[in-house]
Amino acid sequence: MEKLVSLAKRRGFVFQSSEIYGGLGSVWDYGPLGVELKKNIKERWWRSMVHEREDIEGLDAAILMHPKVWEASGHVAGFTDPLVDCKHCKNRFRADDPKIKGTPGQPDGQCPACGTKGTLTAPRQFNLMFKTFMGPVEEDAAVIFMRPETAQGIYVNYLNVLQSSRQKVPFGIAQIGKAFRNEITPGNFIFRTREFEQMEMQYFVKPGSDGEWFEFWRAERMKWIEALGIRKEKLRWHQHGKTELAHYAKDAYDIEYEFPFGWNEFEGIHNRGDFDLSRHQEYSGKKLDYLDTTTNTRFVPNVVETSAGADRTTLVVLCDAYREEAVKNEDGADKEELRVVLKLKPELAPIKAAVFPLVNKDGMPDVGRRVYDDLRKRFNVFYDDGGSIGRRYRRQDEAGTPFGITIDGQTSQDQTVTVRDRDTLKQVRVGSGALVDYLKDHLAG
Ligand SMILES: [Zn+2]
């Protein structure tokens, strides 16, 4: 993991936030390559969830929401009460839970779940929501929260989207956006951060059909992840057991990846029943039921949710692409050397191709500049004329750039350039006028 963190900084994928001031705990910034990689992942998600589906609409709700939203969602009650943990069975309770006997934190404190004595921690304030103030006066009435999840923005807009888009149940709403949690134990680079980005889709279905849709979305999401090029043996399902399930949830599965720090979830598919819309109906006093005109019946839709972390998915892609391998020296020396390479799927790669004049003379830089100017109208490409060609290839290997285009002595004779493949190191000669088509063909998928 340290190697990946170091590469991420060296090549400009991810930097620690406010590093010149010593950094801010578990907050990270995406550098020039990182922002491209994450954007490519988000765009791919948006295309498959929104553009390719008739039954899903997009949304971009505000981070700041009416404080009542978080009462309805359960976050105010669930996140700000003093909580105690059982060190034995790992269950967590409100400190004022009447089922607790004795005093938590003392030897006589008894866990209501497993019955062990002395394993309850003293009450601690778990305030996972970031609080802030709206308006000029810092008073309780003006307290609002930074959203701890994007889903609520979808629920409160359910009727707006339904009516304006003329969708019919079953249909979904998709959103990509930032959320904030004051995590007690953050860590592992961009895995658990206090500010993070979610890619969520809430699918509204008729009660009774939720089980079927749940299985449908489980299969769809796994297909999408595998299509990112992630190795299958590094992926697995984890079904939530009875104690892990949120009290209202009917079923939930995590998709886990084997990170260098172990198996951990980066996406969840949840069958949430009618909890969300029912609660907002209750707290807002607005009817959120749905009239099924074919049967003339009314119901509150059930929700099947697919919830992915954009940062976590980016970390999965980075971890899975990271390889160290022995390859031949590419400056012509007869020896092997170790290279670090990110074998990113070309469609996800931040830079699609790098353009290199072999030497800075004989007109090669002029041709190189022309090729670069031509390509960058279509692709994110990079121009590099510094150092030996082997070293320039290695830098792009670390950036995950799939193609290296070199202008050499032969270019001035027949207007061809070499195109080097990042993974096989093989070089082919391509007419400089045919480069756009060549890249288009080889970047697809
Ligand atoms: Zn216990």
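Mentor: We shall begin with the chain as a whole, then turn to a metal site, a helix and a single residue.

Mentor: This is a predicted model, in which local features need pLDDT of at least 70, side-chain atom pairs count only at pLDDT 80 or more, and totals for chains, interfaces and linings use all residues. Residues are numbered from 1 along each chain as its sequence is written, and side-chain values use heavy atoms, with hydrogens and water left out.

Trainee: How many helices and strands are there in the chain?

Mentor: Helices (H or I, at least four residues) and strands (E, at least two) are DSSP runs, numbered from the N terminus. The chain has 13 helices and 23 strands. Buried means under 20% relative accessible area, exposed over 50% and partly exposed in between (1.4 Å probe, protein chains only); of the 445 residues, 49% are buried.

Trainee: Which residues are the protein donors of the zinc ion?

Mentor: Donors are N, O and S atoms within 2.8 Å of the metal (3.2 Å for Na, K and Ca); water is not among the atoms, so sites may look incomplete. Here the SG atoms of Cys86, Cys89, Cys111 and Cys114 lie 2.2 to 2.3 Å from the zinc ion. Their spacing in sequence is C-x2-C-x21-C-x2-C. Cys86 lies in the loop between strands S4 (82-85) and S5 (92-94), and Cys111 in the loop between S5 and strand S6 (124-125), so the pair ties together parts that are 25 residues apart in sequence. Both Cys86 and Cys111 are buried.

Trainee: Why can residues three or four places apart in an α-helix point the same way?

Mentor: An α-helix has 3.6 residues a turn, so residues at that spacing point the same way. In helix H6 (residues 158-165), the buried residues are Tyr158, Val161 and Leu162. They cover an arc of only 100 degrees around the axis (taken from the directions from the helix axis to the C-beta atoms), which puts them on the same side of H6. The face turned away from that buried side carries the exposed residues Gln163 and Ser164. Just after H6, Arg166 takes a positive phi of about 60 degrees.

Trainee: Is Asp292 buried or exposed?

Mentor: Asp292, which is in strand S14, counts as buried because its relative accessibility is 12%. A contact means heavy atoms within 4.5 Å; not counting residues up to four places away in sequence, Asp292 touches Lys206, Thr297 and Phe299.
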